[in-house]
Amino acid sequence: MINPSGISSSGVEAWGAAVLVVRVLLATPLPFAGGELDYITPQPVALGTVVIVPLGQRKIAGVVTGQAAGDVDEARLKPVLDWPDIPTIDPAQIDWIRKVAAWTLASPGAVLKMMLPSLRFLEPLPVATGLVGAMPPDDTMAKKRRAVLEVSFGADPMTRADIARLAGVSPGLVARMATDGLMREEPLNNKGIPRPDPSHGGLTLNPEQADAADHLGKAVAGRDYTPFLLDGVTGSGKTEVYFEAVAKALEDGRQALVLLPEIALSPATVRRVEERFGVPPLLWHSGLGQKARHENFRAIVEGGPRVVVGARSALFLPFADLGVIIIDEEHDPSYKQDDQVVYHARDMAVMRAAQEKITVVMVSATPSLESEVNAEQGRYQRLGLSQRAGAASLPEIKLVNTSLTPPERGSWIAPPLVTAMEQTLAAGQQVMLFLNRRGYAPVTLCRRCGEKVSCPNCSAWLVTHKSSGRLRCHHCGHGTCFPEQCSTCSAEGEMVPCGPGVERLSEEVSRRFPEASQAVLSSDTVGGAEGLASVMDDIRDGRVDIIIGTQMVAKGHHFPGLTLVGVVDADLGLAGGDLRAAEHTWQLLVQVAGRAGRGQQRGVAVLQTASPETTVLQCLVAGDRAGFIAFEKAARRESGMPPYGRLASILLSSPSLQGVDDAAHLLRRSAPHYEGVTILGPAPAPIAFLRGRHRQRFIIRTAREVNIQAVLREWLGPIRLSASVRMQIDIDPHHFM
Ligand code: ADP
Ligand code: ZN
């Protein structure tokens, strides 16, 4: 720190005539004009310098964006408080932040806050120290003290805990010996984070892979903005290909960012990166503790070759010199963030890559329709992988019409799937059942009056969880005991769970296959990353016969012994009827089916459906991806929906029904009339009451040429809503609940 103590007001006077005025973009979502304010400083500061400034009583991080313009009244300005010791932020990154803000209609400060999320990260890491013995062990000492000196005298410094463990004593004793002068503090030797090695591991690529890797490598080395769509069937070795692009960035001493859907940030992925580059990647996701975040943030901002593997928020980190961005499973809905700054990480990544001249690679076996069309129209360069790597071939897909061969009463697995499971188990292979429903039963109702148990805070049914014996709301977390009595008709003992969740499916599996071992994988049953890792090991090593899971099992995993995938309800995703229902169903089912037959044996996927004639399912069975895409494109084009038109959503919410209705009327009255702009609504959102707030929605649809942000800015700019009403604007909405 140049000025660790901050500047007192007398200090400002002491700067005298040398005072300069700088403009600072503040990392805060607080709304004020442009997000920028002027401050004074005693010394010239470069553009992009990170500073700490006062805002009211608070200290806030910011970035210097220029000299103050026009007349400024220096006497009224506050001084910069601090210049943290971190490299300046490249002006291209600041331009990108402004672009993200303009695109999402968020404030630039709110976007910058994602780049500089904590004041603490701006401080240098504490220097870690360890202890060494200060004198040789001596026979006259107590036995335990001698043991401590035996392991620590003349050795490398170690933490107190490590010394205690090695010597078989309590850490408290080691601490007391330090106080007594028998131990001495020294810096720990292993502090720096080891650097990845681009040539550590790596398979011999097949010709298709090698060709794709070559294109990527050249683009990274060329340091130009080149967007790629790496489009290859499940198991075709896409990961190995993009690792080559990562390696190229590392060779040039630059950083590589691999974005993954949160759910795919599994220990298996981390292990794969480690096997390829010799050291684990730097991680960035919601489960990471503050200390690890601080360390990783410093490593990222300070530069040098690094592999960063993270969820969508990692895109916003202030990378010192980013060489490539990989967006694995680019079609995944979890790349969309729905609160605070509402953005799609794929789209913002492409924007960042264009701004900073970076290679960006979108990776998927089932690209989003947007990326598909971008590749078709030449905006992205497509690299295709048509074969599974190694010996594996793609699974065969079969439909089971549950109208013709329904499951028995109280069961969910239809006879044809039962038979297939029996055969697979008899052959000593593994089965996976997929049902995208957590818990035991999605609905609980009264047999007497038909009343369903719903959440007091949301318009949603409570889900029964048998493992915990409770009913839970999956939207707000509200929980309650399983009711003995109906709250409407007061009937006793008439409440029954209806429909299946994975827990209930597991009961049926135990009943039908008592000999088989099973594992249920859902966010409720798996205890964090470690729990998941141990279940995954059990599956890989063949200690599990039947895997039952929610979307947690759909992607990324590689189980060589798995040859049968059963989808219990292939129609589930189509029920909501939102814009991308068919597309998401297609993607999910291809991914799930793609778990089967990744080893030597060919796999089969059996899909249970009540409507086998739908286009999605027909195309899946026929392996007709082009047919499905053509169908989906035609439907979107006809209705003027993305990617052929633009869409935005405005969600109004308030604890008061009157409040939200008034706001909706106000917006409706001032809605603009433009050619090519359709404004639908207000209408109650599908979940009209959520976490105690009533919700009304507008949908705005425009032609592609229309600047939808400009339309919204003009419409909403002058609107003043009452304090209880929240307005959330979503450009290109993906979730409509
Ligand atoms: P994808 O990312 O396309 O699903 P992966 O990269 O996970 O595919 O590869 C699937 C499996 O094939 C992995 O076990 C991987 O190690 C293996 N694999 C990939 N490329 C090769 C190759 N060139 N030779 C041998 N095995 C490969
Ligand atoms: Zn709720």
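This is a predicted model: local features need pLDDT of at least 70, side-chain atom pairs count only at pLDDT 80 or more; totals for chains, interfaces and linings use all residues.
Local features are described where pLDDT is at least 70, side-chain atom pairs count only at pLDDT 80 or more, and totals for chains, interfaces and linings use all residues. Residues are numbered from 1 along each chain as its sequence is written, chains are lettered from A and ligands numbered from 1 in the order in which they are written, and side-chain values use heavy atoms, with hydrogens and water left out.

The protein is divided into domain 1 (4-121), domain 2 (129-187), domain 3 (207-385), domain 4 (396-437 + 501-633), domain 5 (439-499) and domain 6 (645-731), with bounds that come from an automatic or database domain assignment. Between the C-alpha centres of domain 2 and domain 6 there is a distance of 66 Å.

One open sheet is built from seven strands in the order β9-β10-β8-β11-β14-β7-β15, with parallel pairing. Because β9 (282-284) and β15 (381-385) each have a single partner strand, they stand at the edges, and one side of each is left without a neighbour in the sheet. From one strand to the next, the twist averages 20 degrees. Here strands (E, at least two residues) and helices (H or I, at least four residues) are DSSP runs numbered from the N terminus, and two strands pair if DSSP finds at least two bridges between them.

Over five bridges, β8 (residues 255-259) pairs in the parallel sense with β11 (residues 322-328), and Val258 stands opposite Ile326 in β11. Five bridges also join β8 to β10, again running parallel, and the bridge partner of Ala256 in β10 is Val307. Five of the five residues of β8 are buried, a word that stands for under 20% relative accessible area, while exposed means over 50% and partly exposed lies in between (1.4 Å probe, protein chains only). Gln255, Leu257 and Leu259 point one way from the strand, whereas Ala256 and Val258 point the other way.

Helix α7 (residues 207-222) lies across β7 (226-232), β11, β14 (359-364) and β15, and runs at about 150 degrees to β15. Helix α8 (residues 238-251) lies across β7, β8, β10 (306-310), β11, β14 and β15, and its angle to β11 is about 165 degrees. Such angles run from 0 to 180 degrees between N-to-C directions, and the axes are lines fitted to C-alpha atoms, for helices over the stretch in contact.

Another open sheet has six strands in the order β16-β26-β25-β17-β24-β23, also with parallel pairing. Its edge strands are β16 (396-401) and β23 (518-521), each of which pairs on one side only. Within this sheet, β17 (residues 430-434) and β25 (residues 562-567) are joined by five bridges, and Gln430 stands opposite Leu562 in β25. Helix α16 (residues 581-593) lies across β16, β17, β25 and β26 (604-609), running at about 150 degrees to β25.

Cys473 is buried, with a relative accessible area of 2%, whereas Cys476 is partly exposed at 28%.

Finally, some backbone positions deserve attention. Most residues other than glycine have a negative phi, and most peptide bonds are trans. Gln340, in the loop between β12 (336-337) and β13 (343-344), has a positive phi near 50 degrees and is exposed, with a relative accessible area of 73%. Ser490 has a positive phi of about 65 degrees and lies in the loop between β21 (479-481) and β22 (495-498). The peptide bond from Pro642 to Pro643 is cis, with omega near 5 degrees, and a cis bond also joins Gly681 and Pro682.

How values were computed
Contact means heavy atoms within 4.5 Å.
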